[in-house]
Every structure is written in C-alpha cells, then in structure tokens.
Amino acid sequence: MIESGVEILLVEDNPNDVRLALHAFEEQKIANQVHVVRDGAEALEYIFCTGAYAEREITNGPRVILLDLKLPLVDGIEVLRRVKSDPRTQMIPVVVMTSSREERDIVDSYKLGVNSYIVKPVDFDQFAEAVRQLGFYWLLLNQPPVIGK
Amino acid sequence: MFSFFTSLFDTSDFPARWSCGNWSDVHGWLHVLSDAAIFGAYFAIPVVLAYFVVRRKDVPFLPIFWLFAAFILCCGIGHLVEATIFWQPWYRLSGLVKVITAFVSWATVIALVPIVPRALALPALATINLQLKQEIEERKRAEKRMELAVHASPSGMVMMTSAGVIVMVNARTEAMFGYAPGELIGQAIEILVPHRFRAQHPGLRQSFFQNPKARSMGVGRDLFGLRKDGTEFPVEIGLNPIETDEGLMVLSAIVDISERKEAERKLRESEEGFRLMVESVGDYAIVRLDAHGCVASWNVGAQRLKGYSADEIIGQHISQFYSDEDVQRDKPANELRLAAERGRFEDEGWRVRKDGSRFWANVILTPLRDTASVLHGFVKVTRDITERKNAEEALREKEERLRLAQQAGRIGTFEWNMQTGLNTWSPELEAMYGLPIGSFARTQPAWEQLVHSEDRAAAMGRTQRAFETGTPTEAEWRVIWPDGSVHWIFGCFQVFKDTAGKAQRLAGVNIDITERKQAEEQIRHLNADLERRVKDRTAELEAANRELEAFSYSVSHDLRAPLRAIDGFSSILLKKHASELSEKGKENLRLVRDNTQQMGRLVDDLLSFSRLSRQPVNKQPTDMAELVRQCLAELRTDQEGRRVELTVGNLVQCAAEPALLKQVWMNLLSNALKFTRKKETARLEIGCRKNDDGDMAFFVRDNGVGFDMQYAHKLFGVFQRLHRAEDYEGTGVGLAIVQRIIHRHGGKVWAEAEPGKGAAFFFTVEPARKT
C-alpha cells in the first residue's frame with residue numbers, strides 16, 4: 001500500500017454530491033482513503049503534483065479517480081484527456097461519475113480512454129450501491145500495473 | 001454414043017498442025033511446050049484448091065472454089081488438046097473442050113457476081129489476125145483472172161469430169177481437206193466424201209450430169225467433207241456445170257461451215273438458256289406479246305404474279321390484266337402504241353390478277369422488231385411493287401405527320417450531306433435562326449457562322465464528337481438573330497455512315513429553348529435566393545439547437561443534482577436518524593423520496609424526448625419481429641406472476657432506425673402490459689396489416705382498461721395522461737416519444753380503444769404513398 005493512503009481521488013464540485021459520496025464511502029469504510037478536489041484545475045494540480053500539491057510525488061498517484069464532467073475552471077473531459085495523454089498518469093483508472101446521460105459525453109469519455117462511465121442515479125440507494133461496487137471493484141479486485149518504474 | 005466419041009477423035013478431016021502452015025521447029029515446039037506447061041500448072045492449081053478446100057472446112061464460098069477449080073482444069077485441058085493437035089488434028093474434041101470450058105467459065109461468072117458484095121464485106125486478113133490476137137490475149141487475161149479467182153476464192157473450188165475425176169482444185173480445197181498441193185488431181189471425187197455417203201455418191205453425180213444446171217448440192221441435207229486424216233467437217237457445196245473441149249464438167253464451190261455451225265449451235269444454246277432463264281424468273285412477269293398484244297410466252301413469274309397458267313393465257317390479249325375502266329379507256333392499246341412509237345413504255349398502276357384482286361405494278365413494254373424494222377411483237381416485264389407502294393404511302397403519311405409534329409412542336413430539321421456538301425434546312429429551322437424562309441446558304445460553314453462566337457467552338461466540338469461516336473449527340477448553343485436578339489438552340493443530331501464506315505450525312509433537329517433557358521435562369525435565381533434563405537434559417541435553427549442542447553445539458557446535469565441531494569439526504573435521514581423520527585415523519589420522508597425519484601424519471605424522459613429531435617434517423621432494413629422479441633424479453637419481469645396470452649403475427653421487414661423503433665415497441669408493449677395489469681388474463685396481439693392507404697400498419701392490441709376515444713387527441717401529447725397516477729404509474733411522455741419517432745420516420749400513429757375493453761395502437765413507418 002502507498003504511504004499517503006490516498007486510494008480514491010474524488011473530483012466533484014457539488015457539495016451535496018461530495019457529502020453523499022463520502023457518506024456512501026463511509027458506509028463502505030473507505031472514506032479515509034478519499035481525497036476530494038472541487039474543480040478541474042485543482043484535480044490537475046493534485047494529479048500532476050503542481051501548485052498547492054507541488055510537494056507530492058507524481059509516482060504516488062491515487063488508485064482510482066472518480067471524475068465529474070461538469071466542473072468549474074477545467075471541465076472533466078479536459079482532465080480526463082490530460083490524465084490519459086500523460087505516460088506518467090495514463091495507467092490510473094478513471095471512472096466518470098456524472099449526471100449527464102448525454103451520448104456525446106459518453107462517447108467522448110470512452111474515446112479518451114475512460115475506464116468506466118456511471119450516470120449518477122437520483123435514487124440514493126442505487127447511488128450507494130454503485131459506490132459500493134466501485135470501491136469493491138477498483139480497490140480490491142483490479143490489479144494495477146506498477147507506476148513510475 | 002460410041003459414034004459420037006469416035007467422031008470426036010476422028011482426025012481424018014483435018015491435017016496435023018505441024019503440017020498446016022510453015023512451022024519452024026522452034027516455033028512449033030514453043031507452042032507445044034508452052035501449052036503443055038500451062039496444062040501442067042492448070043492441072044496443079046485445081047488439085048491444090050481441092051486439097052485446100054477439103055482441109056479447110058471453114059472456107060467461105062465453097063462452090064466458087066469448086067467452080068474455079070473446074071474452070072482452071074478446063075482451061076488446062078484446052079491447052080493440052082492444043083498441044084496434041086500438032087500431031088493429032090482432033091478439032092472436034094478441041095471444040096467440045098472449049099464448049100465445056102465456056103460453060104464452066106460462064107457458070108463461074110454467074111456464080112461470082114452475086115457473091116461479090118459478100119466477098120467485098122469480108123475483112124482483110126491482117127485485120128482478122130489482129131483481132132484474133134487481141135481476142136487471144138483477152139482470153140489469156142480472162143483465164144488468168146479466172147485462175148486467180150479460183151485460187152483466191154475463200155471457198156474450195158473443185159473441177160471434175162462427169163466420170164468423177166478431179167481435174168482442178170484450188171489451194172483452199174487442199175488446205176480444207178488436208179492434202180498436199182496437186183495431190184488431189186486425177187483422184188476420184190469420192191475421196192472427199194465420207195465413207196457412209198460414198199456408195200450413193202456416183203448415182204447422185206450421174207443424175208446431176210443428166211440434168212446439169214447450177215444449184216446447191218444436197219438441199220435440205222447436212223453435207224460433210226472427209227479430210228485426209230479421216231475427220232469430217234460440215235460443208236456447203238454449190239454445183240456449176242461447165243462445158244469444155246473435154247466435155248461437160250462440174251465446178252464445185254465448197255465452203256467449210258464448221259464455224260458457222262458452231263456459232264449456230266452456241267446461239268441456239270444461248271437462246272435456249274436465255275429462254276429457260278426468262279421462264280424461270282419468279283419475281284418478274286416476263287411475257288412476250290405478238291404484234292397485236294396477245295400473249296405469246298409466259299414465265300413462272302407471270303404465273304405467280306397474275307395467277308394464270310401458260311395454257312390458260314397464251315393467245316389471250318393483255319387487256320385481261322387491266323381493270324374494266326382501264327380497258328374502256330383503251331389503256332392497253334394505247335400502251336402498246338406508245339411502246340411501238342417510242343421504243344419503250346414504262347408505267348406504274350393497278351393491274352388485275354386472275355382472281356380479280358389488284359396489285360400495283362411497274363410495267364415496261366419494249367417492242368420487238370426484225371432487221372427490217374417490222375414490228376412483230378413486244379416484251380412486257382411486270383413487277384409487283386404493291387409493298388413498295390404501300391411503304392411509300394406509309395412513309396409519305398409518316399413524313400406528313402412528322403412535318404405537322406415539327407410545325408406544332410416548333411422543331412427544325414436539317415440534313416448535311418457530305419457527298420454534296422449541302423446542308424438542307426426545314427423552313428422551321430430557318431425561322432428558328434431568324435432567317436427569312438429559303439435564305440440559308442445551305443452549307444455547314446454558314447451554320448457555324450450563325451452560332452454565337454462564344455459557343456461556336458463547343459458546338460463544333462459536339463459535331464466532331466457525333467462524327468467520332470456515330471451516336472445521337474446533343475448540344476446547346478446560342479444564335480444571334482439579325483435583329484440582335486439572342487436565342488438558345490438545343491440540337492440533337494447523328495452521323496449516318498455507309499457500310500464502309502464513311503460518313504454520309506449528319507441529320508438532326510433543333511429546338512428553340514430560349515424560353516426554357518429563361519425559365520431555368522429564373523429558377524436558378526429563385527434557387528439561389530431560396531438557398532440563401534435556407535442557409536439563414538438553418539443558421540438560426542442551428543443556433544437555437546445549440547441553445548436547446550446547452551439547455552438540456554444543464555437540465556440533465558443541474559436539474560438532477562438537487563433531486564439526488566434531496567433523495568440522498570432523505571435516505572440518510574431515514575437510515576441514520578430513524579429513531580428521532582415519528583412514523584408520520586418517516587412516511588412523509590418516504591413520500592419526499594418517491595416524488596424526487598418521480599421527478600428524476602420525468603427529467604430523464606424529457607431529456608430522451610428532446611434528444612429525439614436531434615438524433616439522426618438512419619433508415620435501414622429492420623427486422624420488426626426481432627425487435628418485438630427483444631422488447632418482450634426485456635419486459636419479462638412485468639409479466640411475472642400474471643397470465644399473459646401473447647399472439648405475435650407475421651411482422652414484415654421495414655426501413656427504419658432500429659434503435660428508435662425499439663423504443664416505439666418498448667413503449668407500446670410496456671403500456672399494454674401496464675394497462676392489462678388488472679385483468680385476470682392479459683391478451684396482447686402484435687401484428688401488421690395493410691391499411692387503406694396500402695401501407696403496412698403495425699399494431700399492438702390489448703384487452704386492458706382502454707380509454708374513451710373522445711380524449712384520443714390528447715393521447716400523444718407530452719405529460720398527457722388519461723389515467724390516474726395511483727392506478728397506472730408513468731410520466732406521460734412515452735406516447736409522445738412514440739409519436740415523435742414515428743413522425744420522424746414519415747409514418748403515422750393512431751389508436752382505437754373503448755373503456756374497459758382494451759386499446760389498439762397502430763403505426764406505419766414509411767410515408768403514405770401518393771396514389
């Protein structure tokens with residue numbers, strides 16, 4: 001396990017959604033391993049260890065990024081493009097979690113190499129179930145390649 | 001009598017002369033010897049005369065000669081008696097002799113006198129000789145000519161005796177019969193006669209000599225000559241009897257008629273061949289007529305054309321072949337007369353067959369004349385050209401119609417003949433080029449000059465192309481009329497080539513398309529205007545679309561987020577703080593969650609509905625039965641625990657966007673299942689049928705609650721619901737989606753229902769065909 005213990009990067013601007021998501025993670029007992037950023041620019045700083053996160057090691061990336069698409073400053077699609085086009089970060093699984101059912105968003109995301117696309121359901125029970133399955137799959141089942149070597 | 005003679009020689013009365021007078025010897029002997037000498041001469045002369053007369057039979061005045069001889073002899077005897085009187089004085093004898101002499105001399109005188117004039121008329125001997133000589137020379141020349149003629153004669157000449165011995169032949173004969181010169185002389189004439197005729201020949205020869213006159217030999221029979229080499233050849237022989245010193249002879253003229261016979265044979269063959277040919281000609285009636293116009297010969301073609309057999313018609317007058325009215329107008333006789341006068345007569349007209357039917361005939365009458373120009377008949381050649389006549393008639397009518405059509409359609413025609421270089425235009429075409437009728441110069445360059453200079457190269461290029469391809473070629477060009485106005489011409493033309501591929505003529509039509517061009521120009525303007533407006537409108541629409549898209553994107557994102565928050569926190573309240581809430585409070589929170597989730601569904605449905613107008617419809621062959629099968633499979637949970645009778649009929653394929661059509665089926669089928677929920681047995685019938693417009697209508701029929709048809713117009717509106725939400729959940733968007741999808745496919749959707757008895761929803765996918 002990585003030292004910082006950050007397993008999940010949650011990129012979400014809506015405080016309600018952040019709170020609901022963290023609630024769901026809590027129920028799964030993985031909330032302490034979640035780092036939340038509130039816009040696309042901060043997400044990029046965190047991922048690429050710049051600005052406020054300059055002291056971070058890029059090799060010490062999150063195990064999975066949960067990415068909303070509609071974000072202030074830099075939108076989720078742009079964040080996804082940057083992550084997937086940089087050799088240092090392109091191995092990090094990215095799961096888009098968005099309200100958008102727009103076909104265009106889905107297609108764009110997959111073209112950029114998204115690993116999963118989840119439409120956030122209005123029904124919280126379904127949302128909590130989705131989060132549970134996400135944590136189970138990406139943190140326990142998925143075997144990531146060793147980064148930075 | 002005796003005493004007379006005795007008295008003659010009685011010398012007793014007179015002395016001997018010697019004794020009478022005084023004769024000297026010389027004188028006496030002079031008388032005696034002279035008288036003796038005269039007697040000698042006078043005896044010799046008659047003898048010579050007699051000899052001469054006896055030998056020369058042609059001596060004229062023969063009795064005179066004998067009288068002369070007698071007279072001279074008498075004189076001689078007188079002198080002899082005178083001499084003897086010197087010794088014997090028989091003066092009586094002397095007297096008798098003198099009397100006789102006197103008689104004879106007078107007889108001679110009397111005989112001479114009458115012949116003197118005749119003797120005077122006798123020519124002198126020299127003249128006779130000269131004449132004789134001339135005659136001889138003339139005779140020689142004649143003989144020479146005769147000989148030359150005989151030898152130069154183109155005929156063989158043979159002279160033979162009555163015994164049949166050849167006495168003369170000319171070189172022609174020897175060459176003709178193959179003998180060496182002179183070889184035939186002395187031979188029997190039969191050597192030249194073929195063996196089979198030889199036995200009878202001497203008899204024929206003798207009968208000729210019995211009645212010798214110039215004639216041809218063997219009249220009516222074919223004569224043959226026999227050559228030395230044994231071959232025979234046909235001859236013609238003329239016989240001429242000739243009287244000669246050696247008796248009657250025959251001069252035969254022999255002509256070798258082999259070539260003539262051969263020529264005659266060939267002519268006969270040729271005539272026979274010609275006759276057979278004429279008789280066997282089937283397409284032409286070739287008929288010989290006599291001078292009066294009666295049929296003398298009849299060929300196969302005539303029989304075929306006119307229906308009469310030769311036996312029926314030979315001898316009949318040609319009037320038979322004419323109609324009654326023609327005969328009344330004396331047409332047959334007139335035609336014969338004209339043919340005889342002009343040497344040929346040609347006519348086209350109706351003629352009549354044996355069965356009375358008519359045909360259009362081409363007739364050529366030619367008179368036949370002998371060498372003396374005497375008319376002895378006609379040859380009549382007739383052809384049935386009814387078909388050609390009909391074809392010409394049809395062609396004429398067609399051309400007339402074409403001309404009318406061209407006039408009506410204002411189509412001008414032209415034909416450029418490469419042989420003559422003439423480019424012939426119809427009057428309509430000249431009018432089309434603004435030219436007075438008949439003023440076009442009728443050449444190709446003249447046309448080129450009439451074409452607008454900017455279009456000339458292109459128009460000539462098209463013409464060139466017509467030459468290369470030989471197919472109908474089209475072109476358009478402008479012409480400037482003499483009044484300066486510009487007119488558009490459309491031309492379609494083709495090059496026609498002969499069998500050798502050489503271009504013969506370029507023919508085609510021109511149509512004035514000025515009005516069309518103007519209309520096209522107008523349309524182009526309108527189109528450009530329309531396009532511009534469409535572009536503007538499209539831009540507006542696109543802008544509106546973009547706004548709408550942005551709007552629905554926000555709705556999708558921002559409208560759902562608060563709902564999620566409401567639901568999420570309500571859920572947390574219910575779970576984490578359940579102990580702090582009364583049952584009523586929990587119930588209210590649950591209603592909050594239900595409404596939130598219903599709101600979420602509404603938003604989702606609205607979004608899908610609005611997406612429909614943006615999603616493209618790509619029609620492709622769509623298997624409706626497969627779509628229905630998929631939908632029913634996905635709706636399996638809705639059927640669990642219920643009795644559902646499904647009847648799926650035969651569903652035809654149609655052209656549609658499968659993903660959209662699936663939404664249609666999904667909505668209709670889930671509705672049917674939903675509204676039959678309260679039935680003990682739900683019956684769903686799915687199928688298709690041809691509706692009144694001839695389109696295939698698909699349908700879903702159920703036995704559910706149905707609805708009142710007076711609200712049918714509300715069925716397909718967004719958020720329109722005919723049932724209470726407590727009874728049948730839903731957002732009221734499903735049928736609006738169905739209608740929009742169907743409309744986007746160009747189809748129709750409608751429903752039939754009755755409350756409590758069920759409903760049926762129909763739709764077509766393809767636009768109704770206009771009939």
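## Salt bridges between the chains

Arg593(B) and Asp123(A) form a salt bridge in this predicted model. The closest N and O atoms of Arg593(B) and Asp123(A) are 2.9 Å apart. Between chain B and chain A the count is five salt bridges.

## The interface of chain B and chain A

The size of an interface is often given as the accessible area lost when the parts come together. For chain B and chain A, the area buried between them is about 2,200 Å². Carbon and sulfur atoms account for 52% of that area. On the side of chain B, 31% of the area buried against chain A is supplied by Tyr553(B), His557(B) and Arg564(B).

Counted by residues, the contact takes 25 from chain B and 24 from chain A.

## Salt bridges over all chains

Over all chains, the count comes to 60 salt bridges. One of the salt bridges within chain B joins Asp455(B) to Arg478(B), with the closest N and O atoms 2.8 Å apart. Asp455(B) belongs to helix α17 (residues 453-469) of chain B, while Arg478(B) belongs to strand β14 (residues 473-480) of chain B, so the pair ties together parts that are 23 residues apart in sequence.

## Helix packing in chain B

Helix α2 (residues 25-55) of chain B packs with helix α3 (residues 62-84) of chain B, their axes coming within 8 Å and crossing at roughly 160°. Angles over 145 degrees count as roughly antiparallel, and α2(B) is therefore roughly antiparallel to α3(B). The crossing in which α2(B) passes α3(B) is left-handed.

Sorted by class, the residues in the contact of α2(B) with α3(B) are 24 nonpolar, two polar and two charged.

## Helix packing in chain A

In chain A, helix α2 (residues 40-48) and helix α3 (residues 76-85) have axes 9 Å apart and pack at an angle of about 15°. Angles under 35 degrees count as roughly parallel, so α2(A) and α3(A) are roughly parallel to each other. The crossing of these two helices, α2(A) and α3(A), is right-handed.

From α2(A), the contact is made by Gly40(A), Ala43(A), Leu44(A), Ile47(A) and Phe48(A). Helix α3(A) contributes Val79(A), Arg82(A) and Val83(A). By class, the contact of α2(A) with α3(A) has six nonpolar residues, one polar and one charged.

Conventions:
Residues numbered from 1 in each chain as written. Chains lettered and ligands numbered in written order. Predicted model: local features only at pLDDT ≥ 70, side-chain atom pairs only at ≥ 80, totals over all residues. Heavy atoms only, no water. Axes fitted to C-alpha atoms, helices over the stretch in contact; angles between N-to-C directions. Helix = DSSP H or I, 4+ residues; strand = E, 2+ residues; numbered from the N terminus. Parallel < 35°, antiparallel > 145°, perpendicular 65-115°, else oblique. Left-handed = near helix turned anticlockwise from the far one by under 90°. Nonpolar A, V, L, I, M, F, W, Y, C, P; charged D, E, K, R; others polar. Contact = heavy atoms within 4.5 Å. Buried area = accessible area lost by both parts, 1.4 Å probe. Salt bridge = Lys/Arg side-chain N within 4 Å of Asp/Glu carboxyl O.
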